[in-house]
Amino acid sequence: MMDAMHARYDIKETATQPTKQMMKLLKPVVLLLVAASTPAHSIPHISEIIESIREQKEEPQQQFEDKFSKTHHDVRTLTFDQRLDHFSRQDNNTECERFKQRYFYTPRYVHREEEKTGNSINSKRKTVSFLCVGGEGPSLDPSVLVDSVHCTGDMIELAHKLHEQNWDVHMFALEHRYYGESFPKRTKNQKGEAYLRANENELDSDYPNEYKFLSSRQAVRDVVEFVKSSEASQHFKTGSNMNNNGIRWITFGASYPGMVSGWLRLLHPDVIYGAVANSAPVQAEVNFRKYNDHVSLDLGEESLIGGSKMCLDIFESGHAEVASIVEGGDIDEVDKVASTFNICGGATTLLKDRKNIDFFVGYSMLPIAVQSNDPTCDEPLCNIQKVCDAIVDEHKSDPQKPSMEILAKISKQMQAGRCKEVNFQLMIDYLSDSSTPTSANDRSWYYQTCTEFGFYQTCENNSNCPFAKGHHSLDLDLELCEKSFGIDAMKVKEGIESTLLYYGGWDLKPGDDSSSALEGQKRLIFVNGDVDPWSELSVDEKRGSSHVQSINVPGASHHFWTHPVKDSDDKHIVEARQAIYRHVYDWLGINGESQPHSELKAE
């Protein structure tokens, strides 16, 4: 019989159970990079990057800041002098290098002084700090503490509920080093400012100089340093009190920031009181073949998200038909494929490089946004159900039509008149160019996949991948590491092994001491959507320590419950948020205060 502390907590069945019985609740790489047009903050797919390279849709950061500063003036954009290298040994007379790390803060849910003196206000008000962890994806802006995909549905909504129950909740968001405006820059005249493109003999030659201090380990220590800093303490000032020693900090994160959030509690339980790790794939893996296996399951799943066996069969056969044609080498037939799918540069581009063919049939012929699936979206072809319905309807209207032509028609509709980019060299050029500001976040994240995580989503012959099997090998991704950063395949694999040893992977047992992490495994929850392929690498009822709790969210994609709250949200999304709230209430010891559990019960 499964250990009680390790039992699965299924919100569908037990969301109304008492908190004490609520158990383990709990962004595709081929390149885990981010497209500006991606609808959710998630670990993205290479096809999205190709599109973002061509379109460059991301709004200037200043536009975001202006927009949110006008409507939400309570969010402050600040900087913190962060240590560049937390692991270097320096004597007491040596000043460590530092850089400006950006953070956001709002006292929106801290009661004002006039409220505190009112007769209806409890003089014994308690205080907690919530921190939204930054990471890969579009740069943070003030909206992160207002209404964004990062931490709204869990952290911000919970802060509001606690505030209504007479709590003071300080909300922070810390931007990850090497992302957004928290990128250490080389300066010649400012003493103490971090510089990275220094003399070759001063830096480790294993990795590109500019990213020498980019890692999740440094990022974890960044948060610890910030939480303990005077900069953070200043926001808790009450009279002459300027320290935050009595403040409990709870971190929230989704996707890679969810990993960092979980690791913060695991490694630093003395600093981080509790952590919520949403859609956090903590099991680093070089060949993440199960990603596309999961995509296949989603396309064929009829119950919650609208897939079907017919949809999956047509999808697979269409890819197989195109792969057979391009492998056959008949130029006229290849030209027909290029024309049918409106490929940029036509057959010439497609045949110019074998990698262009692999990229096209291996995962970009008809991309499916499984990890950002939104069942309530309004646009055409915006989710799995709408794509599958279109595929099946097209087949039923003409059962003799080749599957290839069905997929081509839908692909053109998705492209909205634009040609389909399949030039793989664009990706190499994009990731290799460190001088382009628009590629900075993408380049930083891909560097981390090469040095720490892997996560490369292959489509191999002996897999269940629904794309053209055999056209996305691991070598394709490893080549990008080599050409973009000079990191060879052996270094990639060594980096992933080091990550697993350092954090403990699924087991959350860092290093060689399995007992030291026990305290850090408490007050830590992992939340996963069962539609999300990244759930394969997260902690759940099947994988992980018996002391860690997890939540499974039926029908949910990549941390969809952290998105802004909508009236159209599925009941499972609503219940997932309520389950997170109950856990945090339990951590804070307020089970009986203001009847929070009955308030959070599903309708």
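A residue counts as exposed when its relative accessible area is over 50%, as buried when that area is under 20%, and as partly exposed in between. Keep in mind that this is a predicted model.

**Exercise 1. Get an overview of the chain: how many helices and strands are there, and what share of the residues is buried?**

Solution. Start with the elements: the chain has 21 helices and eleven strands. Next, turn to burial: the chain has 603 residues, and 58% of them count as buried. Last, consider the surface: the accessible area is about 24500 Å², with 46% of this belonging to carbon and sulfur atoms.

**Exercise 2. Find A416 and S279 and decide for each: buried or exposed?**

Solution. First find A416, which lies in the loop between α15 (403-415) and α16 (424-432). A416 has a relative accessibility of 62%, so this residue counts as exposed. Now move to S279 in the loop between β7 and β8 (285-287). With a relative accessible area of 0%, S279 is buried.

Finally, look at the backbone. Most residues other than glycine have a negative phi. For A416, however, phi is positive, near 50°. S279 is not a glycine either, and its phi is near 45°, again a positive value.

**Exercise 3. Check the length of helix α20: what span should its 17 residues have, and how far apart are its end C-alpha atoms?**

Solution. Helix α20 covers residues 571-587. The expected span is 1.5 Å times one less than the number of residues. For the 17 residues of α20 this gives 24 Å, and the end C-alpha atoms are 24 Å apart, so the two values agree.

Next, ask how the helix is placed. Of its 17 residues, 14 are buried, so α20 is largely enclosed by the rest of the structure. E575 lies in this helix and is buried, with a relative accessible area of 11%. The C-alpha atom of E575 is separated by 8.4 Å from that of V553, although these residues are 22 apart along the chain.

Then inspect both ends. At the start of α20, a side-chain oxygen of D570 comes to within 2.7 Å of the backbone nitrogen of H572. Just after the helix, G589 has a positive phi of about 70°.

**Exercise 4. Do the length check again for helix α6, then list which of its residues are buried.**

Solution. Helix α6 runs over residues 216-227, which makes twelve residues. For burial, nine of the twelve residues are buried, so to speak a mostly covered helix. Those buried residues are S216, Q218, A219, V220, D222, V223, V224, F226 and V227.

Now look for a partner from another part of the chain. H268 has its place in the loop between α8 and β7 (274-278). Leaving aside residues up to four places away in sequence, H268 touches V220, R221, V224 and W263. H268 is buried, with a relative accessible area of 16%.

**Exercise 5. Classify the ring pair of Y256 and W445, then that of Y446 and Y456.**

Solution. A pair of aromatic rings is described by the distance of the centres and the angle of the planes. The structure holds 33 aromatic pairs. In the pair of Y256 and W445, the ring centres are 5.0 Å apart and the planes meet at 40°, so the pair is tilted. This pair links distant parts of the chain, with Y256 in helix α8 (residues 256-267) and W445 in helix α17 (residues 440-453), 189 residues apart. Y256 is buried at 0% relative accessible area, and W445 is buried at 1%.

Y446 and Y456 also form a tilted pair, at 6.0 Å centre to centre with 50° between the planes. Here Y446 lies in helix α17 and Y456 in strand β9 (residues 454-456), ten residues apart. Y446 is buried, with a relative accessible area of 0%, and Y456 is buried with a value of 0%.

**Exercise 6. Which rings lie under the charged ends of R217 and R523?**

Solution. The charged end of R217 sits over the ring of Y502, 4.2 Å from its centre. For R523, the charged end sits over the ring of Y273, 3.8 Å from its centre.

Conventions
Residues numbered from 1 in each chain as written. Predicted model: local features only at pLDDT ≥ 70, side-chain atom pairs only at ≥ 80, totals over all residues. Heavy atoms only, no water. Helix = DSSP H or I, 4+ residues; strand = E, 2+ residues; numbered from the N terminus. Buried < 20%, exposed > 50% of the residue type's maximum accessible area, 1.4 Å probe, protein only. Areas by Shrake-Rupley, 256 points an atom, 1.4 Å probe, with all protein chains shown as cover. Polar contact = N/O pair within 3.5 Å; in protein donor to acceptor, adjacent residues only side chain to side chain. Phe/Tyr/Trp six-rings, centres within 6.5 Å; stacked < 30°, edge-to-face > 60°. Lys NZ or Arg CZ within 6 Å of the ring centre and 35° of its normal. Contact = heavy atoms within 4.5 Å.
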